[in-house]
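Trainee: I would like to learn how to read helix packing, strand pairing and backbone geometry in a model. Could we take the features one by one?

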Amino acid sequence: PSVTVFAPATVANVACGFDVIGLALESTGDEMDIRLSDTPGVRITSIEGAKLPLEASQNVAGVALQALLHEYGKPETGMEIAIRKNIHPGSGIGSSAASAAGAVAGGNMLLNNHFSPEALIRFAMEGERLACGTPHADNVAPAILGGFTLVRSYQPLDVIALHTPADLWVTVIHPQIEVRTADAREILKQQVMLKDAIRQWGNVGALVAGLYREDYDLIARSLEDVIVEPIRSILIPAFHDLKLRCREAGALGGGISGSGPSVFMLSKGEANARSVAAMMESIYAPLGVDYHIHVSRI
Ligand code: HSE
């Protein structure tokens, strides 16, 4: 038996929601074939589209699936994974999360859905631990649950699938420069000012309310990050210009996607999302930086 899964790209750190709010793109992602095998353990048989380790213990998909099989507790179980990467590693749209989430979602189907989605998130987080040293869940949670998700707590893990407004779209520009998540975490301050924390949690609450009410103006007002973005944005070419002009082009707002270098903008409706894409292109083309742009419903 084998299954083919679509593993979506994801935007983590949705503005004010650093490490807690993420979203999944409906139409950008990797594909993976996963099959049961008579040889115990996990093997990666092929990876197309990226240079990544085939050794299961060095590969985020391999490590995540190993975590699942370990808890399954039948050492004779074997699985093989073939990966087709459409998401570039280091792009800031959850490349490692897609690999990890796809592997455990597919593996679980082959085990007749033995595990809950919450358990799958936990296994996929082991892939994130390998990728950047921190088992954050704000990419793997939306990759597994779809739409917007909120990590209420890491200890114990408590992940909530949020409502996603029907007409909410995301535009993501991925400049072809590399920002390593581990480096982008290293530069963050470990203390925040109380006044900044107050502003941030006001925004997080309002963003969640805006999603449930499908109140696009409230969503727009809440898309602000006063804690992480001021530090990380220095790593991204033309960041402030991009944000300002994308709003003028119809975006509700946005910010750094994951740890960068990608930047995301949310819009109401496809037409606005495409105008934002054109605006991004007009800002990046003269810079001489190569880039990819993705436009997707959430
Ligand atoms: N929340 C994580 C970080 C996401 O910003 O470090 C990385 O994709």
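Mentor: Helices (H or I, at least four residues) and strands (E, at least two) are DSSP runs, numbered from the N terminus. This is a predicted model, in which local features need pLDDT of at least 70 and side-chain atom pairs count only at pLDDT 80 or more, while totals for chains, interfaces and linings use all residues. Residues are numbered from 1 along each chain as its sequence is written.

Trainee: What is the mean pLDDT of the protein chain, and what ipTM and pTM does the model score?

Mentor: pLDDT is the predictor's confidence in each residue, from 0 to 100. Here the protein chain has a mean of 95, and 100% of its residues reach 70 or more, while the model scores ipTM 0.95 and pTM 0.94.

Trainee: At what angle do α1 and α3 pack?

Mentor: Helix α1, residues 60–72, packs with helix α3, residues 117–132, at an angle of about 140°, and their axes are 7 Å apart. The two helices, α1 and α3, are therefore oblique to each other. On handedness, a crossing is left-handed if the near helix is turned anticlockwise from the far one by less than a right angle, and right-handed if clockwise; the crossing of α1 and α3 is right-handed. Residues are in contact if their C-beta atoms, placed from the backbone, lie within 7 Å, and here V60, A61, V63, A64, A67 and L68 of α1 meet F123, A124, E126, G127, L130 and A131 of α3. With Ala, Val, Leu, Ile, Met, Phe, Trp, Tyr, Cys and Pro counted as nonpolar, Asp, Glu, Lys and Arg as charged, and the others, Gly among them, as polar, the contact of α1 with α3 divides into 10 nonpolar, 1 polar and 1 charged.

Trainee: How does α1 pack with helix α2, and which residues make the contact?

Mentor: Helices α1 and α2 (residues 95–110) pack at an angle of about 35°, with their axes 8 Å apart, and α1 passes α2 in a right-handed crossing. On the α1 side the contact involves V60, A61, A64, L65 and L68, and on the α2 side S96, S99, A100, G102, A103, V104, G107 and N108. By class, the contact of α1 with α2 has 8 nonpolar, 5 polar and no charged residues.

Trainee: Which strands form the open sheet, and in what order?

Mentor: Strands of a sheet pair through backbone hydrogen bonds, either parallel or antiparallel. Two strands are taken to pair if DSSP finds at least two bridges between them. The open sheet here has 4 strands in the order β8-β9-β7-β10, with antiparallel pairing. Its edges are β8 (253–256) and β10 (291–297), each with a single partner strand, so one side of each is left without a neighbour in the sheet. From one strand to the next, the twist averages 15°. Helix α10, residues 270–284, packs on this sheet, touching β7 (168–175), β9 and β10, and its direction makes about 15° with that of β7. Within the sheet, β8 pairs with β9 (residues 263–268) in the antiparallel sense over 4 bridges, and G254 stands opposite M265 in β9.

Trainee: Which strands does β2 join, and over how many bridges?

Mentor: Strand β2 (residues 21–37) runs antiparallel to β1 (residues 2–11), joined by 9 bridges, with T4 opposite D33 in β2. Strand β2 is also joined by 7 bridges to β4 (residues 78–84), again antiparallel, and E31 stands opposite R84 in β4. A further 3 bridges join β2 to β5 (residues 148–153), also antiparallel, where L23 has F148 as its bridge partner.

Key. Axes are lines fitted to C-alpha atoms, for helices over the stretch in contact, and angles run from 0 to 180 degrees between N-to-C directions. Two residues are in contact if their C-beta atoms, placed from the backbone, lie within 7 Å. Angles under 35 degrees count as roughly parallel, over 145 as roughly antiparallel, 65 to 115 as roughly perpendicular and the rest as oblique.
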